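Hi everyone, thanks for coming. I'd like to walk you through one structure today, so please have a look at it on the screen before I start.

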Amino acid sequence: MSDLNKQKIVESVPQRGFFGHPRGLFTLFFTEFWERFSYYGMKAILVYYMYYEVSRGGLGLDENTALAIVSIYGSLVYMSGIIGGWLADRIFGESRAVLYGGILIMLGHISMAIPGSMTLFFVSMVLIVLGTGLLKPNVSSVVGDLYSEQDQRRDAGFSIFYMGINLGSFIAPLTVGTIGLKYNFHLGFGLAAVGMFLGLLMFVFTKKKNLGLAGTYVASPLSPEERKKVFRIIGIGAVLLAAIIAITIPLGLLTFDSLILIIGILGILIPTIYFIVMFRSPRTTSEERSRLIAYIPLFIAAIMFWAIQEQGSTILANYADKRTQLNFAGIKIEPAWFQSLNPLFIIIFAPVFAWLWVKLGKRQPTIPKKFALGLLFAGLSFLVILLPAYFGGENSLVNPLWLVLSYFIVVLGELCLSPVGLSATTKLAPSAFSAQTMSLWFLSNAAAQAINAQIVKFYSPATEMLYFGIIGGAAILLSIVLFLFSSKIQGYMKGIQ
């Protein structure tokens with residue numbers, strides 16, 4: 001986008017009205033609040049819906065299959081962000097991408113709210129994946145459009161916006177989780193659809209007044225000839241994909257296992273291709289190539305971290321349901337409630353970590369050392385959760401405070417790694433690939449969940465200690481290696497602190 005267009009966008013946005021910030025932040029805050037409410041509400045009960053017996057309102061799938069599907073779903077959500085970003089940049093702009101994405105997400109939740117077949121379930125998954133890929137990356141981009149590069153309110157504006165994300169994520173499992181588990185899964189999915197509908201209403205009825213031109217410009221529009229070519233390729237691709245699915249499913253070639261394998265391969269292959277293309281590009285300078293080399297171990301560490309953190313909605317969700325005392329201190333706990341712990345701890349401790357880094361100033365750990373700390377905490381969170389089985393056996397119900405402690409420790413790691421990773425990505429990215437490198441950072445989560453889809457099948461009460469011990473131990477070992485080589489990695493960063 002040209003500097004002139006950027007200036008026009010900023011001038012068109014009402015610059016005061018929401019805690020001293022542009023009024024557009026109000027629109028985007030509540031749009032994303034309700035989108036996260038719908039997404040995390042649905043995700044809080046998704047795995048239970050899949051493996052609960054039909055008599056309990058579920059689909060009756062095998063537990064390991066259900067855990068793998070949730071991981072595949074999460075991986076595809078992060079992969080689809082690449083497509084959503086491209087469509088916004090080349091075809092219809094960020095604002096329309098947010099609108100179309102919200103509509104698809106709402107339709108996906110409505111599909112899940114209708115008692116039906118497995119076919120309807122997978123249709124809803126496709127709609128939510130595509131919708132989230134359109135909405136999630138682009139709503140954050142519109143936040144950036146509200147401010148000029150020199151506006152000192154910019155970082156604070158993003159902090160307020162991310163508070164909306166975590167508030168929606170915190171409330172969702174408590175409400176959707178309770179209704180879905182205590183009353184009816186489809187009512188829970190229906191509540192998630194209502195949440196997205198409220199987000200759409202907020203966006204549609206306030207965007208013209210509050211957002212001005214923000215999100216309306218197409219950054220690099222396709223020419224009419226290019227547009228025809230792209231739509232032709234999309235059409236042919238859709239037909240071919242439909243034909244492949246129609247042929248391979250009856251022949252037994254496309255199964256859950258083969259789909260899990262395909263997504264697993266894509267999860268590793270796509271970021272690998274990204275790295276190779278950027279590294280070999282003539283537009284990448286020798287200094288930027290050095291920084292890309294430094295970024296690779298950080299990216300691998302991020303995959304290891306997210307592989308543990310994302311099991312909060314799969315393995316630990318199953319652990320909460322099957323291995324945890326759900327009557328505690330006179331309170332009947334719904335297993336979905338534990339998924340509110342992550343956003344709750346982030347809301348509480350993110351300001352503490354932000355203050356800590358500022359307080360330490362030049363004495364704070366380097367980027368590789370912060371990643372090493374993040375991995376260390378992630379590994380410890382899994383070692384903690386194997387202790388109850390060690391002390392009490394694999395058949396005893398576990399005090400819920402063990403699960404709370406595990407979620408708390410991994411959040412400490414997330415606050416060391418996630419915001420630092422976003423910042424490091426912007427600093428280490430080659431200038432010719434700055435936007436695409438941010439997509440690459442989110443692919444670390446896609447790769448992690450693709451790997452999770454392969455490994456969750458090894459989890460069972462009998463292998464519980466071995467499962468948590470191997471993964472937790474691997475994370476701690478990698479954190480030690482990263483810490484030992486942190487100075488070397490820092491050298492390849494060429495002055496980036």
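**Salt bridges and a helix pair**

Searching the whole structure turns up 6 salt bridges. Before I go through some of them, please keep in mind that this is a predicted model.

Let me begin with lysine 136 and glutamate 32, which form a salt bridge whose closest N and O atoms are 3.1 Å apart. Lysine 136 sits in helix H4 and glutamate 32 in helix H2, so this pair links distant parts of the chain, 104 residues apart. The cut-off for buried is under 20%.

How do H2 and H4 pack? Helix H2 covers residues 24–51 and helix H4 residues 118–145, and they pack at an angle of about 150 degrees with their axes 11 Å apart. Angles over 145 degrees count as roughly antiparallel, and H2 and H4 are therefore roughly antiparallel to each other. Their crossing is left-handed. On the H2 side, the contact includes Leu25, Leu28, Tyr39, Met42 and Leu46, along with Glu32. On the H4 side, Phe121, Met125, Ile128 and Val139 are among the residues involved, as is Lys136. By class, the contact residues divide into 14 nonpolar, 1 polar and 4 charged.

Lysine 43 pairs with glutamate 310, with 3.5 Å between the closest N and O atoms. Lysine 43 is in helix H2, while glutamate 310 lies in the loop between helix H9 (286–309) and helix H10 (315–322), 267 residues apart. Here glutamate 310 counts as buried at 10% relative accessibility, and lysine 43 counts as buried at 3%.

Next, lysine 322 and glutamate 63. Their side chains meet in a salt bridge at 2.2 Å, N to O.

One last stop: leucine 213. You'll find leucine 213 in the loop between helix H6 (185–211) and helix H7 (224–248), and it is partly exposed, with a relative accessible area of 33%.

Definitions and conventions:
Residues numbered from 1 in each chain as written. Predicted model: local features only at pLDDT ≥ 70, side-chain atom pairs only at ≥ 80, totals over all residues. Heavy atoms only, no water. Helix = DSSP H or I, 4+ residues; strand = E, 2+ residues; numbered from the N terminus. Buried < 20%, exposed > 50% of the residue type's maximum accessible area, 1.4 Å probe, protein only. Axes fitted to C-alpha atoms, helices over the stretch in contact; angles between N-to-C directions. Parallel < 35°, antiparallel > 145°, perpendicular 65-115°, else oblique. Left-handed = near helix turned anticlockwise from the far one by under 90°. Contact = heavy atoms within 4.5 Å. Nonpolar A, V, L, I, M, F, W, Y, C, P; charged D, E, K, R; others polar. Salt bridge = Lys/Arg side-chain N within 4 Å of Asp/Glu carboxyl O.
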